[in-house]
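Try each one before reading its solution.

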Amino acid sequence: MIDYGSPQYKRISLTMAMGSFLIFCNLYLFQPIMPLFASEMNISATKVNWIFASTTLMLSLALVPWAICSESYGRKKVLLVGLFLPPVVHLFLLFRTDFTSIVIARGCMGIALAAFVSVAVAYMAEELSPKALSQAVGGYIAANSLGGITGRIAGGILTDWFNWQTAVIVISVITLAGAFVVLRTLPEQRYFTPERQRFSHQNRLMLQHIKNKNVWFAMLVGGLNFALFVNLFSVIGFRLSEPPYSLPPSITSLIFLCYLSGTVSSHFSGRWALHFDPVSGMLTGAVVSCMGMCLAYYDSITMMILGLLLISLGSFFTHALAYGWVSQKAPAAKATATALYLVHYYVGGSLGGFFLIYCWQHGGWKTVMTGASVLYLLIFFLSYKLKRTKATTAAAMQIV
């Protein structure tokens, strides 16, 4: 296994971080301009959410099939598919601009992006030592946030200055260039042997992961956490684009700079996991995020920004710890386990959007807080159950 601080570790961690950055640029490119689409196409906020939800939903559905492909054909090949396909999908968007075509294209984009997302952590888990993995996952998640920031701000500013097609072209060119860099620099795996396995066998492995409460509860925490995080930002975007603020996309997209607090906290999560209880860290992150939601209640841009900083800080901390927990605690088929975690994660983001945006349309921020509080309570409950399960498992191992 590759140790923390070695040249191979640095090469893998930096290359995977760059790939992650590109993937999340593409994933979140359209999020800040959804209010603009709603206005120009004269459709409701709930309906326009399909532009974002189709991407995350199809990504979640494609994760396990891509993970299964990687078990048979190798992780690196699947990772590269995830980087080379997005520019191809974006070509379609340049010729079809009606709402239905955009939703379909963004759904295809989710399938393409899932290839990289599904096996990235599994690749690192199989190549790196436990200490190196904890640090690398933190860096990988930090790159997620930086990619999300860049994609959203680029989408907002380029759309406001030119049009959304220009934003698509710029991100596609950057992604294609980055894909060639990853092709040249990412090492071939040394600690993984491809095996051609039947789909029924993979289904049994997935059922084993779900039956393993020590793993499944962390997956549920990840799904609820993302449902809150990404969609609280979406609702704030709609809030700022409407009176009395009526801000343009180039300005509202700047709220995603608040992701920088998540970049810091996700990187720190690796150190937390080495010295403290990861489950307590997941719970702490959720509490911080909930505090941010409450701060954003006040009708002040300053308070909204402070609230978003806390939401990002807490949510990324929880996500990095839960993601790393699943990759370490899954006894076998780690690619399938991490893919299944991300299924929960992105399904949560997709469904959470319809839930929280519906709350926004039918009661404003107070109703959003009420709906979100239910989800936070579920995270607190699952963290408690995960802690109990962990203690029970540890006690059983001591007896044996």
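**Exercise 1.** Find which residues lie nearest the centre of the largest pocket, and work out how its lining divides into nonpolar, polar and charged residues.

*Solution.* 
1. A pocket is an open set of points on a 1 Å grid over the protein atoms alone, where a 1.4 Å probe fits, with protein on both sides within 12 Å along at least five of seven lines; lining residues have an atom within 4 Å of a point.
2. The largest pocket has 14 lining residues, and Y9, S13, L14, G139 and H267 lie nearest its centre.
3. Six lining residues come from α1, the largest share.
4. The lining divides into eight nonpolar, four polar and two charged residues (Ala, Val, Leu, Ile, Met, Phe, Trp, Tyr, Cys and Pro count as nonpolar, Asp, Glu, Lys and Arg as charged, the others, Gly among them, as polar).

This is a predicted model, where local features need pLDDT of at least 70 and side-chain atom pairs pLDDT 80 or more, while totals for chains, interfaces and linings use all residues. Residues are numbered from 1 along each chain as its sequence is written, and side-chain values use heavy atoms, without hydrogens and water.

**Exercise 2.** Which residue forms a salt bridge with K76, and is K76 buried or exposed?

*Solution.* 
1. A salt bridge puts a side-chain nitrogen of Lys or Arg within 4 Å of a carboxyl oxygen of Asp or Glu.
2. E188 pairs with K76, their closest N and O atoms being 3.4 Å apart.
3. The two residues are 112 apart in the chain.
4. K76 is buried at 10% relative accessible area, whereas E188 is exposed at 56% (buried is under 20%, exposed over 50%, partly exposed in between, with a 1.4 Å probe and protein chains only).

Note on methods
Helices (H or I, at least four residues) and strands (E, at least two) are DSSP runs, numbered from the N terminus.
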